[in-house]
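The following paragraphs lead the reader through one protein model, from a single residue to the whole chain. Please keep the sequence and the structure in view while reading.

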Amino acid sequence: MMKKTYLLVDGYNIIFAWNELKEISQNSLEEARDRLVHILSNYQGVKKYEIIVVFDAYKITGGAGSVEKRGNITVVFTKEAETADNYIESTVGKLKRDSNVLVATSDNLEQVIIMSKGAVRLSASELLLDVNKVNKTIEEKIKYNRPVKDNLLMDNLDEKTRAILEKMRRE
């Protein structure tokens, strides 16, 4: 039986490492978090990983933490006095026995710790490259499988052939 693959994402680390999300976060951290989850949702649809995005809430006094599902993505806000790194390390320890585990973070110390626990690390830039590659694949599939307009011959021809036939029609 094939092992399930988990991708644990250090949410704020990724937000502040990706230019698009960093820019959004300057106006709204909530919007940046939502955008990251949306991006990862598309990514998950192709990769089929179980994705868990972890956000620090350890500075929030009395914060009990929370876990919620947003589509196919699990979003975790850590409890008071728990960092995303702590949560990720603990989760890697639990999941590694029965699963493949990837961790997306550019925190060097965290990378060393999770690799020592048997997980594979992805830097923020490596994750972004893979996300962009997956998005390109999705765009190509959409383009290839696009519905025909009115199912007319001209709608289904490449530009060169269409131009030749249009020239013949006008002559």
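In which helix does Y43 lie? Y43 belongs to helix α3, which covers residues 29-47. Helices (DSSP runs of H or I, at least four residues) and strands (runs of E, at least two) are numbered from the N terminus. The model is a predicted one, in which local features need pLDDT of at least 70, side-chain atom pairs count only at pLDDT 80 or more, and totals for chains, interfaces and linings use all residues. Residues are numbered from 1 along each chain as its sequence is written, and side-chain values use heavy atoms, with hydrogens and water left out.

Y43 has a relative accessible area of 1% and is therefore buried; the term buried means under 20% relative accessible area, exposed means over 50%, and partly exposed lies in between, with a 1.4 Å probe and protein chains only. Apart from neighbours within four places in sequence, Y43 is in contact (heavy atoms within 4.5 Å) with L7, Y49, I51, L127, D130, V131 and V134. From Y43 to T74 the C-alpha distance is 14 Å, and the two residues are 31 apart in sequence.

Further along is K48, in the loop between α3 and β2 (50-55). Is K48 buried or exposed? Its relative accessibility is 59%, so K48 counts as exposed. The phi of K48 is positive, near 65 degrees, in a residue other than glycine.

A positive phi near 65 degrees is also found at G71, in the hairpin of β3 and β4, where 2 residues stand between the strands. Strand β3 (residues 66-70) pairs with strand β4 (residues 73-77) in the antiparallel sense over 5 bridges; strands pair if DSSP finds at least two bridges between them. Within this pair, R70 stands opposite I73 of β4.

The view may now widen to the chain. It contains 7 helices and 6 strands, in the order β-α-α-α-β-β-β-α-β-α-β-α-α from the N terminus on. Its radius of gyration is 22 Å, well over the 16 Å that the globule rule gives for 171 residues, so the chain is more spread out than a compact globule. This radius is taken over C-alpha atoms, and the rule is 2.2 Å times the number of residues to the power 0.38. Along the principal axes, the C-alpha trace spans about 80 × 45 × 25 Å. Of the 171 residues, 36% count as buried. Among contacts with a separation of 6 or more, 49% come from residues 24 or more positions apart.
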